[in-house]
Each structure stands twice: as C-alpha cells, then as structure tokens.
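Biologist: I would like to learn how to read a model like this one. Please take me through it feature by feature.

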Amino acid sequence: MVLNPVISKLAGKLVVLASASPRRMEILRNTGLRFEVVPSWFKETLDKEKFKAPYEYAVETAKHKALEVAKRMPLNHLKTPDVVIGADTIVAVDGTILEKPVDKNDAYRMLSRLSGKEHSVYTGVVIVLCHENENKSVDYRLIDFYEETKVKFADLSESMLWEYIDSGEPMDKAGGYGIQALGGMLVERVHGDFLNVVGFPLNHFCKQLDIVFNTSGLLLSQEILAHSETNVSSLASSRIQQPNPAAMTSPDTSAKSDLLKASCFHQTHGSQTSPSASPVHKVKKNGDNSKEDEHTWPLGNSCSTNPAAENTTAPSLSSREQLTEVIGTQREDNGPQKDDLQRIIELMDGFKASKALFTASRLGVFDLLQSRPELDAAQVAQEIKASVKGTQCLLDACVSLGLLRSRESSCQKRVYMNAALAQGFLLSDAPHSLGGYIQHCDQTVWPLFTHLECAVRDGTHQHEKAFGKKANDLFQDTLYNNQDIKLRFMSAMHSIAKVTGRAVATAFDLSRFKTACDLGGCTGALAHELTKAHPEMRVTVFDLPTVVEMSGRFSPQHSENRVSFLAGDFFEDELPKADLYILARILHDWPDEKVHVLLRRIADSCTSGSAVLIAETMLDGRKPHAALQSLNMLVQTEGMERRERQFADLLCQHGFGDVQVVHTGNFLDALIAFKM
Ligand SMILES: O=c1[nH]cc([C@@H]2O[C@H](COP(=O)(O)OP(=O)(O)OP(=O)(O)O)[C@@H](O)[C@H]2O)c(=O)[nH]1
C-alpha cells in the first residue's frame with residue numbers, strides 16, 4: 001500500500017534509484033514506492049573549491065550520479081527510465097566537507113573534528129525526468145533540492161572513538177558515522193530531518209513531487225519544453241537555491257537513444273506484496289496483441305549537446321526553486337554515430353562481463369571481501385591463489401560492472417569491497433544468493449552457448465556437442481545423471497526460486513485454494529513461499545525420485561510442515577489431486593506437443609474452479625532477458641519461452657480460461673488460468 005498520494009503518482013512509471021546506499025533503498029522501499037536500483041558509476045571527485053556552499057557540492061554530485069544512470073540505461077539496460085533519483089550526503093564542519101572516510105585513520109580524523117561540536121548534514125537530491133520527444137531523442141528535466149540537518153556530537157573520548165571506528169560502521173558513511181545505528185550514541189542533539197542525516201530527506205522529496213505534480217503538472221504532461229538554452233521553467237518550491245553558475249555544467253547528454261516503448265509493467269524493486277498493487281491484465285486468446293510485439297529497440301544515436309547549451313549558465317531564477325534544465329539533443333547526421341558504436345561495443349563485451357562475474361564468483365572473491373573488506377589486489381590474489389596481475393584485472397572489471405567498490409587507502413593502495421549488488425545476490429550465504437544459478441550458467445549454460453550457431457541451424461539442444469554424450473532424456477541423461485551436476489542444477493533452480501518465489505506466490509489472491517501441487521517443484525523453494533503467503537494452503541511438490549531424494553538439503557530450518565514431497569514423473573504417473581497446479585519454469589523446457597500432454601493430464605485431474613499457475617519469463621518483444629532466455633532454452637532443452645497469448649492459446653485447448661497475467665518485476669512473470 002502506498003500512503004503518500006504523491007508517491008502513488010509514480011506508480012506504473014519506471015522509477016530508478018541511482019544509488020548503492022542500502023539506507024536510501026530502505027527509506028524509499030518503506031514508502032511502498034516500486035523502483036529499480038541502478039548504482040551510479042559517477043566518481044565523486046568534483047573539485048570542492050569550486051562551490052560557494054557545501055550544499056551546492058552535494059546537489060551537483062547528486063546531479064551527476066542521476067544523469068549518469070539516466071544516460072547509461074538505454075545503452076546497458078535497453079530501457080529508458082521515466083524517473084531517476086540521485087542523492088549525495090555530506091557533512092560540513094568548520095567550512096570543510098566530509099564525505100565517506102577512506103580508512104580508519106581518516107574516520108578518526110573526521111570524528112575528532114566533530115567531537116563536541118555542532119555540524120551540518122546536507123543531502124542533495126536530484127530527480128531526473130526522462131521523456132522521449134517527437135524526434136525520438138530524450139529530454140532530461142532536472143528537479144534538484146537539498147536539505148540541511150544540524151547535528152550536535154557529544155564530547156568523544158579516544159577509547160569511544162576507536163571502539164566505534166573498529167566496529168567498521170563509519171567506513172561507508174558520510175562524516176564517518178551512522179546516526180541510525182551505533183553512531184547514534186555519539187549524538188547529543190538533532191535539529192531537522194533525521195532521515196536527511198541517514199541519507200534521504202523523504203519529507204522534502206515528497207513535498208517536491210507534490211510541487212511538480214500539483215503546481216505545474218509538467219511532470220507527466222506532454223508539454224515538454226522545446227529545448228532552448230534560455231527556456232527554463234522553474235517550479236514553486238519550498239527553498240531558494242542559487243547554484244553557483246561556475247559550477248553548473250550542462251550535463252553531458254552524449255548518450256541518447258530511440259526509446260523502448262514504455263511497457264505497462266516495469267521491473268520493480270520494491271516491497272511488492274499485495275496483488276492489488278501489481279497491475280493484473282487479462283490476456284485475449286488469439287486476439288490482437290499486436291502491441292505485445294510492438295517495440296523500438298534502443299539504437300544509440302550519437303549526438304552532440306546543443307553547442308549553445310554547453311554555455312548555458314543557470315539563468316537567474318525568480319523566487320522559486322531552481323530546477324529544470326531541459327536538455328534536448330541534436331542528432332548528427334554524418335559519420336559513425338558515437339553511441340551506436342558504444343552500443344555495439346557494449347553488446348560485444350557482454351560475454352566478457354558475464355564471464356568476469358562467473359569467475360569472480362567461482363574464485364570466492366565476493367565471499368572473501370565480505371569477511372575481509374578493504375583488501376588490495378595482492379592480498380586478494382594470495383587468498384584466492386591466483387596471480388596478482390590477473391586478480392587486479394578481475395577486481396577492476398568487477399568495479400566497472402558495479403559489483404565491487406574501491407578506494408585509495410591511506411597508504412595509497414587501491415583496496416576493494418563489495419558493492420550493494422554483491423552483498424545482495426553474490427554472497428554464498430545471502431538469503432537471495434544467485435551463486436547456485438551463476439555456477440550453473442558458468443558450468444552448463446556457457447559450454448552450451450558456445451554451440452549456439454549449431455542450435456540455431458539444427459533447432460535442437462547442444463548437450464552432445466558441449467559435453468560429448470547423447471541426451472535422449474533431457475533431465476535423466478544430462479542434469480540428473482551425475483550427483484554433482486544434479487546438486488549444482490538443483491542449487492541453481494533453488495536460487496532462482498528463492499529470488500522470484502515471493503513475487504510469484506503473491507501475484508494473485510490464491511486464498512481460495514487450499515491444496516496446491518507444484519509440478520517439477522524441485523527443492524520446494526516456491527512451495528515454501530506459497531505456504532508463507534497463504535496460511536491455509538498445503539503444497540505437494542511432485543518431482544522425479546532422483547530430485548525428491550535430494551530436496552531435504554534445501555529445506556529451510558524453520559518451516560511449517562505444510563509442504564510435502566511426492567516422487568513421480570508428471571508425464572507418466574498419476575498427478576496428486578489439488579485445487580491449484582503450479583508450473584514454475586517447467587513449460588519452457590518442452591515443445592508444444594509435450595506441453596499439451598502435460599496440460600491435458602492436469603485438466604483431467606482438475607475439478608471446476610481449479611486453476612493452473614504458470615511462472616515463466618514471458619516474451620513481450622521488449623525485455624531482452626526474455627528473448628535471451630529463449631535462446632537459453634534452445635541450447636539446453638527442447639523448449640522455448642512463450643508469449644502470453646501463446647500460453648492462453650495452449651490453455652484454452654484444455655478447458656482453461658479467464659487467463660490473467662502479472663509482470664512481477666523480476667525474472668519471472670505469473671499467469672493464472674481457471675478450469676472452466
Ligand atoms: O548518519 C548517517 N549518515 C550517512 C549515512 C550514509 O552515508 C552515505 C553517504 O554517502 P553517499 O551520499 O556518497 O552515498 P553512497 O552510500 O556512496 O551511495 P551512492 O551510490 O548514492 O553514492 C549514504 O549511504 C548514507 O546512507 C548513514 O547511513 N547514516
């Protein structure tokens with residue numbers, strides 16, 4: 001549920017937080033806002049001397065962070081966001097700006113300066129509104145503001161200081177302290193917005209959105225200001241800001257792209273728990289779903305910023321908040337388009353990025369840096385038993401991919417630590433670890449993809465070419481014929497189900513179903529999410545004997561016993577009776593003729609009112625992940641990914657109708673159909 005009516009106006013928009021700060025993610029996530037997280041690659045190295053006031057530095061840094069993501073997404077993520085939010089938090093004391101400490105000594109220096117004094121915490125926030133204009137280029141509209149909070153520290157003893165520093169908490173926080181955690185013990189008084197100190201002035205952010213929506217309505221209107229260096233609209237605001245023209249730089253708008261048509265469902269990063277908050281739409285059988293296939297793939301177009309714009313200085317503003325630079329771009333018509341080339345290079349580099357991730361994961365780099373952050377390349381190399389040269393290259397590649405962060409230590413060495421992405425998904429023991437899936441991709445999918453051309457020519461999987469043995473029975477002869485390979489595959493499926501399970505389990509209101517059968521449910525990860533989300537439901541996981549015998553290894557410690565396992569082959573054996581049959585990443589393994597066999601068997605086991613819940617990556621002509629996943633099925637299986645309409649057509653032939661789909665915002669989309 002979204003409390004703030006203004007925040008809810010962002011619903012259905014692709015909102016991106018351009019920050020790796022876990023605290024910012026939490027503050028925004030707690031509002032119910034659905035957003036993606038794309039950490040900015042902007043290096044925070046602006047020359048502080050150029051700014052007349054500390055807050056100008058914070059705002060300008062936030063601006064660069066947000067714009068870097070807004071420009072990169074069409075190229076790297078093949079989609080243009082609607083709204084990108086950047087933020088930068090700094091501490092100012094005695095006219096000096098304090099950011100995150102580079103090491104413990106730096107933290108000591110900072111905290112000593114703050115001891116016994118009052119200081120200011122400034123968070124600069126920039127909201128970038130991206131809009132495709134009539135000539136297919138992107139207009140960026142910027143709304144920026146800052147918030148100041150005054151904080152008074154107690155007098156800090158040396159022992160207190162070092163005990164706090166040795167906790168490790170100061171290292172990723174502005175000014176070297178976290179007011180929301182242990183650092184709260186250092187604070188005598190706060191005057192102003194507490195969340196602003198933590199890293200995001202939520203109240204001011206909402207006020208700002210309110211102004212933009214209700215004062216001018218420009219945010220979502222089609223009245224995008226035609227680009228001109230003088231045409232700047234300003235918006236009513238609660239704060240006057242006079243940026244330092246000398247510091248103002250027209251953001252480089254070198255990247256621009258033909259946009260993807262904004263799809264009606266966006267991938268989200270948010271506490272999506274209630275079906276009502278997810279847009280559900282009905283699928284027409286054999287209907288005109290041409291929109292589904294309509295897309296404009298992003299084509300990077302080189303462009304130079306409008307020369308005149310480069311000399312834009314912030315116009316003097318009426319008594320309203322500065323905002324809004326409308327930055328148009330001009331398309332060059334001659335020579336190779338710089339950003340087209342960039343796009344092609346990105347694509348060509350794609351496999352190198354994947355292999356860098358797989359290799360770092362396999363060498364245990366992320367787990368090592370979690371237990372021992374701030375190691376230099378030589379120290380990492382020693383621990384992972386690799387060359388210093390190779391390790392250095394790998395670590396720097398991971399930094400460039402946003403998986404690691406690095407900084408210069410006090411002894412001028414470059415040290416490395418996990419970025420939020422690694423902490424969220426790449427640690428072996430993380431709740432949503434994708435380590436198993438990464439290993440499967442590295443050891444099984446990668447060798448298969450080296451034979452993609454043969455798969456395209458033959459239209460068949462490539463197990464024999466990749467692994468030198470025939471695979472008559474897809475699972476028995478490949479993934480399950482060896483204990484280690486089977487365990488690796490189950491671990492991969494388990495990690496995907498852990499990441500996607502809650503979204504699938506809560507995509508629809510399933511309260512009417514008391515019994516469910518998860519066909520091919522593997523480790524039971526989804527089954528457990530279903531029983532968590534639906535306290536009345538009992539789930540039977542029906543899978544091959546060779547899988548069921550290993551499922552115990554993956555059972556959660558504290559789980560109610562509403563999940564049971566039953567061994568069998570869903571193509572051969574009688575299916576357990578259930579109100580709801582679940583097919584999560586199952587149908588994509590099989591061609592239509594096999595899918596018909598399975599759906600017919602399910603239909604024969606159903607009674608009226610029963611339903612089938614399908615979880616798959618659905619093709620929609622836009623999401624590259626879905627199309628690439630379909631190639632994945634080509635090289636691995638006899639199956640493919642399918643469109644919503646294809647599922648509806650298959651289901652209706654077996655008496656299922658009223659098909660509804662929810663795009664959950666992560667790997668999988670959810671579809672439910674009822675036995676008519
Ligand atoms: O009391 C607290 N003060 C500050 C913080 C956290 O400190 C950092 C500030 O650094 P920055 O604004 O550069 O943000 P990053 O974490 O580097 O992420 P970006 O990707 O946005 O650069 C911020 O995380 C605050 O949350 C705190 O936690 N408590």
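**Rings and charges**

Modeller: Start with a charge over a ring: Arg 72 lies over the face of Trp 41, 3.8 Å from the ring centre. The rule asks for NZ of Lys or CZ of Arg within 6 Å of the ring centre and within 35 degrees of the ring normal. Lys 675 also has its charged end over a ring, that of Phe 656, at 5.9 Å from the centre.

Biologist: What kind of model is this?

Modeller: It is a predicted model, where local features need pLDDT of at least 70 and side-chain atom pairs count only at pLDDT 80 or more, while totals for chains, interfaces and linings use all residues. Residues are numbered from 1 along each chain as its sequence is written, and side-chain values use heavy atoms, with hydrogens and water left out.

Biologist: How many aromatic pairs does the count come to?

Modeller: Rings of Phe, Tyr and Trp (its six-membered ring) pair if their centres lie within 6.5 Å; planes under 30 degrees apart are stacked, over 60 edge-to-face, and the rest tilted. The count here is twelve aromatic pairs. Take Phe 51 and Tyr 57: their ring centres are 5.7 Å apart and their planes stand at 85°, so this pair is edge-to-face. Ring pairs also join Tyr 55, Tyr 122 and Tyr 146 in a cluster.

Biologist: Is Phe 51 buried or exposed?

Modeller: Buried means under 20% relative accessible area, exposed over 50%, and partly exposed in between (1.4 Å probe, protein chains only). Phe 51 has 12%, so it is buried. Tyr 57 is buried too, because its relative accessibility is 0%.

**The ligand**

Biologist: How many residues surround the ligand?

Modeller: A residue is near a molecule if one of its heavy atoms lies within 4 Å of it. The ligand is surrounded by 22 residues, and the closest are Ser 19, Arg 24, Lys 100, Ile 179 and Val 198.

Biologist: Which elements supply the shell around the ligand?

Modeller: Helices (H or I, at least four residues) and strands (E, at least two) are DSSP runs, numbered from the N terminus. At least two shell residues come from each of α2 (22–29), β3 (83–93) and α6 (194–198). The largest share, three residues, belongs to β3.

Biologist: Which backbone atoms lie by an oxygen atom of the ligand?

Modeller: A polar contact is a pair of N or O atoms within 3.5 Å; within protein, one must be able to donate a hydrogen and the other to accept it, and residues adjacent in sequence count only if both atoms are side-chain atoms. A backbone N or O atom of Val 198 is 2.5 Å from a ligand oxygen. For Ile 179, a polar backbone atom lies 2.7 Å from a ligand oxygen. For Ala 174, the distance from a backbone N or O atom is 3.1 Å.

Biologist: Where is His 463 found?

Modeller: His 463 is in helix α17 (residues 463–467). It is buried, because its relative accessibility is 2%. A polar atom of its side chain lies 2.8 Å from the backbone oxygen of Gln 636.

Biologist: What is the phi of Glu 374?

Modeller: Glu 374 has phi near 70°, a positive value in a residue other than glycine. Glu 374 sits in the loop between α11 (365–371) and β11 (375–376). Lys 385 has a positive phi of about 55°, and is not a glycine. Lys 385 is in the loop between α12 (377–384) and α13 (388–400).
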